[in-house]
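Subject: Structure for your review

Dear colleague,

Please find below the structure that I am handing over to you. My findings follow directly after it.

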Amino acid sequence: MARAPSLGAPSLPSPETSNYQIQIGSLKRILPKKRKTLAYQFSVGGRLSTWPAYASGQAILQSRKPCCSPEGRSKKQASLTIAKPRYLEDLESYLRKELQSLDLTKENAQELKLQPYREIFEFFIEDFKTYKPLLSAIKNEYEVTLAHLREKIRSLEPLKAMLVSVSDECTRQIVALQEEEKAEITMLKKEKLYLLKLIDKMEEEKGSLQTQVNKLRKNVAKEYMRYINECDARKLLLADLNEMRNQQLEMSLRQVQEVKGEDLVKVTLALKIARQDLTKAQVELNTMKADYGDVVPRRDFESQEKKYSDLFEKMEVLQKDFDDLQKEYDTLLEIHQETVEERDRFYNELQQVQRSSTPRPDWAKCAEVISGGPERWSYLEEGKTSDQLVDVLLEEIGTGVLKEKDSFPGLGKGDKVPVYLRYEGQVKNKKLNKKDVVNILKEIWKEKVSADLQKGKQSSLPEFFLSYLQKRYGDSSAFEWAYTIYENIKLYRSNEAMSLFYDILSGKVDEGLYHGQNQLIANLLKELMASDSSSSGTLTTEQFNLALRAAFPLKSRDQIQELMYASRYKAESTEDLIDYRSLFMEDEEGNAEPFTAKIRSQYASEKQEYLRELRNELGHASEVKVDDLKTAFSAIDPAIDDLTLDAYICLAFQASKEQWDQTGALPVDTVVERLLAGDTKRIGALPEEIYTSLSDRGEAGAYA
C-alpha cells in the first residue's frame with residue numbers, strides 16, 4: 001500500500017540518512033485519518049534511537065543484587081534508565097486511535113482490526129528502504145496465506161448445507177419407515193383378530209359336531225337295545241307259536257282218532273316224523289339266532305353308514321382348514337415377531353440419529369433479519385425444504401455481499417481457467433439484479449440457437465458466451481459482464497434459469513438437457529393449442545386432461561393427476577375452465593409457474609428411473625462396453641430407434657460413432673453419470689416382463 005504524503009508539515013528524509021541532524025525535542029504532529037504519514041523521532045546522530053524491546057516508556061529499574069558494589073549498582077541503574085523513542089510513541093498513539101475508531105460490532109471486525117496494523121507495517125516498509133524488499137516479501141507472504149485461508153473457509157461452507165440435507169433425508173426416511181411400520185402393524189393386528197375369531201368359530205363348530213356325534217352314538221345305542229329286545233320278543237313269540245302248533249297237532253290227532261279211528265301205528269309214525277321236523281327246524285332256528293342275533297337290518301345299517309361317511313368327510317375338511325389356519329397363524333406370529341424386532345431396531349436407530357443429529361432450525365427467526373420482513377420471508381419459504389431454505393439464506397447473504405463488491409479478482413489466463421474468465425487484474429462489478437441477468441441469459445440462448453441453426457452444428461456454450469459479450473459490449477467490457485453474470489448465476493441456485501445455465505456453462509450438464517426440456521414444453525403447448533379450437537386460451541378440464549395424455553402417452557395416471565392439480569394451483573374461480581397459456585408464463589426473475597416446474601421435476605424423476613432400469617439390466621458388472629450398453633438399452637426400451645440409441649451411446653462414451661471400435665470399456669457409474677447429465681428419456685412403453693417384475697414390487701403404477 002502506497003504511503004500518502006504528510007499534511008501540514010515539512011517532508012523529512014529517510015531515517016537512514018546519516019548526515020541529517022535534527023534538534024532534540026518533541027515534534028508534535030496530529031495524526032489524521034487512515035493513510036496519513038507519521039512523524040519520526042531521530043537521535044542526534046541521525047539514526048533511529050536505540051531502545052530495548054523490554055523497556056517501557058518509564059525508567060526500567062532492576063532489583064539490585066547483593067554481590068554488586070554501590071558504584072556498580074549506580075552505573076548499572078543509570079544505564080537501564082532509557083526513554084522510549086518518539087517515533088515508537090507516535091506509532092503506538094496512532095494505532096490506539098485507529099483501533100478506538102473502529103466499529104468492532106460488525107461481522108468483519110477482525111479484518112477491520114487488521115487494517116491499522118497493516119498500515120503500521122507498511123510505514124515501516126516505506127521508511128526502512130534497506131529492508132524494504134525483505135519486509136515486502138514477508139508482508140506479501142502473509143497476505144497470500146490469509147487469502148488462501150479465506151478461500152479454504154469459503155470452500156468449507158457447503159458442508160453446512162450438506163449436513164442439513166443429510167439430517168432432513170434421515171428424518172424423512174425415519175418418518176416414512178415409522179408410517180409404513182405403523183400401517184403394517186395395524187394390518188397385522190386386524191388379521192390376527194380376524195384369525196382368532198375364525199379359530200373360535202371353528203372350535204365352536206367342532207364342539208357342535210362332537211355333540212352331534214355323541215347324540216348319534218346315544219341314538220344308535222338306544223336303537224340297538226330296541227332291536228335286541230325285539231329279537232328276544234321274537235324268540236319268545238316263536239316258542240309260543242311252536243307250542244301252540246304242537247297243541248293243535250295233538251288235538252287234531254285226537255280228533256282224528258276219535259272220528260275216523262285211524263290206525264295208532266300210523267299216527268305214531270306221523271308224530272315221530274313231525275317231531276323230527278320240529279327238532280330240525282328248532283336247530284336251524286337256534287343256528288340263525290346265534291349267527292344273526294347281533295345283526296341290524298341292512299336298510300338301517302346303510303342309512304347310518306351314509307350319515308357316518310358324511311360326518312367323517314366334513315370333519316376331515318374342517319381338520320384340514322384348521323391345520324391351514326394353524327400354519328397361517330404360526331406364520332403370522334413369526335412375521336409379527338420379526339416386525340417387532342425390526343421396529344425395535346428402527347427405534348434404536350432413531351434414538352441414535354436424534355442424539356447425533358443437529359436439531360431442526362427455527363426458520364421463523366430468519367424473518368427478522370431478511371430484508372422485506374416476515375411477508376417476504378413467508379413468500380420465500382413457501383413450499384421449500386430445509387435444504388432449499390439454506391440455499392435461499394445463502395442467496396440473500398450472497399446478494400448483500402455481491403452488491404458491496406466493486407470489483408472481482410481476475411483468475412488469470414491459465415488453461416484450467418474457463419475461456420470467459422481468463423483475465424488478470426481487477427474486474428469491475430456491474431452490480432446486476434436478477435431480472436437483468438435472466439434477460440441477458442434469454443438473449444444468449446436465443447442468439448445461440450439461431451447461430452447453431454445457421455452453422456448446422458452445436459457450438460460450445462462457454463466460447464459463444466464470451467463471443468456474445470464481446471460482440472454486444474466490446475472487448476474491454478466483456479470480461480466485466482462475464483464475471484458479473486458468472487457470480488450471479490453461481491449464487492442464485494434456486495432460480496431454474498440461472499442454475500441450469502450455470503450447470504451447462506461449467507460442464508456439469510449437457511446442453512441437450514436444456515433443449516430437451518424446452519422441446520417437451522413446446523410439444524405440450526402445441527397439443528393444447530390444437531385442442532383449443534376456438535383459440536380462446538382456455539380449455540375444459542376434460543379437454544386439458546385428454547391433451548396431457550396425448551402429449552405424454554408414457555406418463556402414469558398419478559402423474560397426469562399431479563399435473564392437473566398443478567394446473568389448478570392458483571385457480572381463483574370454480575369454473576371448469578383452465579387458462580393453459582398462463583401455465584407457461586414466467587415472472588420477471590425467470591421463475592416458472594408450478595405447472596412447468598412439475599413437468600421438469602417429473603422429467604428428472606422419469607430419467608432417474610429409466611437409468612436405474614438400465615443399471616439393473618447391466619447387472620453387477622463394474623465396466624460396460626458399447627455393445628453391452630446397446631443391448632441393455634434395447635432390452636429396457638425395445639421401441640428406441642437407431643438414431644436416438646446412437647446419440648445415447650455417443651453421450652455415454654464421449655465419442656463419435658466412427659470411434660466406437662477404438663473405445664474401450666468404461667465404468668458403469670461413469671456411463672450412468674454422463675447419461676444423467678444429458679437429455680435421456682424413454683422412447684417406448686415399458687416391456688411386459690419388466691412391467692410384471694415392477695408389479696410384484698408395487699411399482700408398476702408409474703407406467704400404467
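A search of the whole structure, which is a predicted model, finds two cavities of 30 Å³ or more. A cavity here is a set of points, on a 1 Å grid over the protein atoms alone, where a 1.4 Å probe fits but cannot get out. Grid points are joined across faces, edges and corners, and a volume is the space filled by probe spheres set on the points. The largest cavity has a volume of about 90 Å³. Its lining, meaning residues with an atom within 4 Å of a point, consists of L188, K189, K192, Y329, L332, L333 and H336. Two elements give two or more residues each to this lining, α5 (158–259) and α7 (298–356); helices are DSSP runs of H or I with at least four residues, strands are runs of E with at least two, and both are numbered from the N terminus. The largest share, four residues, comes from α7.

By type, the lining residues divide into four nonpolar, one polar and two charged. In this scheme Ala, Val, Leu, Ile, Met, Phe, Trp, Tyr, Cys and Pro count as nonpolar, Asp, Glu, Lys and Arg as charged, and the others, Gly among them, as polar. Why does the largest cavity lie between domain 1 (109–248) and domain 2 (296–359)? The reason is that both domains give residues to its lining; the domain bounds come from an automatic or database domain assignment.

K555 is buried, with a relative accessible area of 7%; buried means under 20%, exposed over 50%, and partly exposed in between, with a 1.4 Å probe and protein chains only. The side chain of K555 makes a polar contact with that of E606 at 2.7 Å. Such a contact is a pair of N or O atoms within 3.5 Å, and within protein one must be able to donate a hydrogen and the other to accept it; residues adjacent in sequence count only if both atoms are side-chain atoms.

The structure holds zero disulfides (pairs of cysteine sulfur atoms within 2.5 Å).

Residues are numbered from 1 along each chain as its sequence is written. Local features need pLDDT of at least 70 and side-chain atom pairs count only at pLDDT 80 or more, while totals for chains, interfaces and linings use all residues, and side-chain values use heavy atoms, with hydrogens and water left out.

Yours sincerely

Key. 1 Å grid on protein atoms, 1.4 Å probe; cavity = no way out; pocket = protein on both sides within 12 Å on 5 of 7 lines; lining within 4 Å.
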